[in-house]
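The structure is shown first.

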Amino acid sequence: MRLLLTNDDGIDGEGLWALYDALSAEHEVWVIAPDSNRSAVSNGITLSKDLCVKKIKEHVFTSSGLPADCVSTGLLANIVEGKIDMVLSGINRGANLGTDIIYSGTAAAARQAAIFGVPGVAFSIESPKEEYRYEALAKFAKQNLPTLRGLYVAGEFLNINALSADSYKAVQFTSVSVRKYKDTVKVFADDSGILRSRFVGGSVTSQGTVCSDFRAVENGNISITRVLAEPVSADNEINAKWLL
């Protein structure tokens with residue numbers, strides 16, 4: 001298959017190259033990744049300026065844009081020679097579970113692929129001790145790539161999470177959990193008197209059933225969640241009756 005790899009950790013991300021090393025022996029792999037870290041940029045795209053796309057080596061490019069920009073460049077521009085069969089994003093340094101998907105640039109790249117009608121898969125690793133081992137999840141991707149592509153349904157992408165580990169107990173199809181963030185914003189005046197604010201990340205708690213993504217990862221399994229790429233409206237029938 002012809003694969004497009006990207007991430008939000010940037011071109012130097014270890015997880016990106018673990019995935020590249022696992023897949024490039026058997027597949028034609030192209031890389032278009034941000035030139036530096038673009039974590040938590042969600043599904044932003046660049047509209048107001050040109051992007052700088054730089055060739056690093058054969059089939060490998062960096063972009064000054066965001067993860068979704070990288071996917072758009074790979075699928076719509078004339079850089080990649082031929083049709084892309086799958087877009088793989090990651091492997092991200094840090095989990096993208098539940099509510100994280102809203103903010104994640106890793107998930108956004110897979111979502112952008114799905115929006116263009118191409119199978120997209122996001123891979124992320126959780127490590128409570130901040131010690132990241134990517135090889136086992138990269139091996140899983142290599143061994144199961146045709147199956148993952150076969151799971152593609154128009155309008156959906158796959159969000160895959162696992163612990164930083166050398167092996168996994170099982171693979172579990174999961175639901176999306178709810179994450180609560182105890183974040184704060186610090187406001188202060190700089191030396192010139194200008195008022196500034198700074199985001200300060202806090203601890204995270206998760207809520208979900210035994211079938212949720214964070215429970216699967218917590219139990220040592222690989223979590224696969226099918227995620228809708230497009231927004232889904234709430235129950236508009238109630239609102240319509242109220243308006244009448």
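The model is predicted: local features need pLDDT of at least 70, side-chain atom pairs count only at pLDDT 80 or more, and totals for chains, interfaces and linings use all residues. Residues are numbered from 1 along each chain as its sequence is written, and side-chain values use heavy atoms, without hydrogens and water.

On a 1 Å grid over the protein atoms alone, a cavity is a set of points where a 1.4 Å probe fits but cannot get out, a pocket is an open set with protein on both sides within 12 Å along at least five of seven lines, and lining residues have an atom within 4 Å of a point.

| Space | Volume | Lining by class |
|---|---|---|
| Largest pocket | about 530 Å³ | 7 nonpolar, 8 polar, 7 charged |
| Largest cavity | about 50 Å³ | 8 nonpolar, 1 polar, 2 charged |

Volume is the space filled by probe spheres set on grid points joined across faces, edges and corners. Ala, Val, Leu, Ile, Met, Phe, Trp, Tyr, Cys and Pro count as nonpolar, Asp, Glu, Lys and Arg as charged, and the others, Gly among them, as polar.

Of the 22 residues lining the largest pocket, Ala-40, Ala-95, Asn-96, Asp-100 and Tyr-181 are closest to its centre. Two or more lining residues come from each of β5 (86-93), α3 (100-103) and β9 (178-181); helices (H or I, at least four residues) and strands (E, at least two) are DSSP runs numbered from the N terminus.

The lining of the largest cavity includes Pro-119, Leu-148 and Arg-226. β7 gives the most to this lining, with 3 residues.

Val-187 lies in strand β10 and counts as exposed (over 50% relative accessible area) because its relative accessibility is 53%.

How values were computed. Buried means under 20% relative accessible area, exposed over 50%, partly exposed in between (1.4 Å probe, protein chains only).
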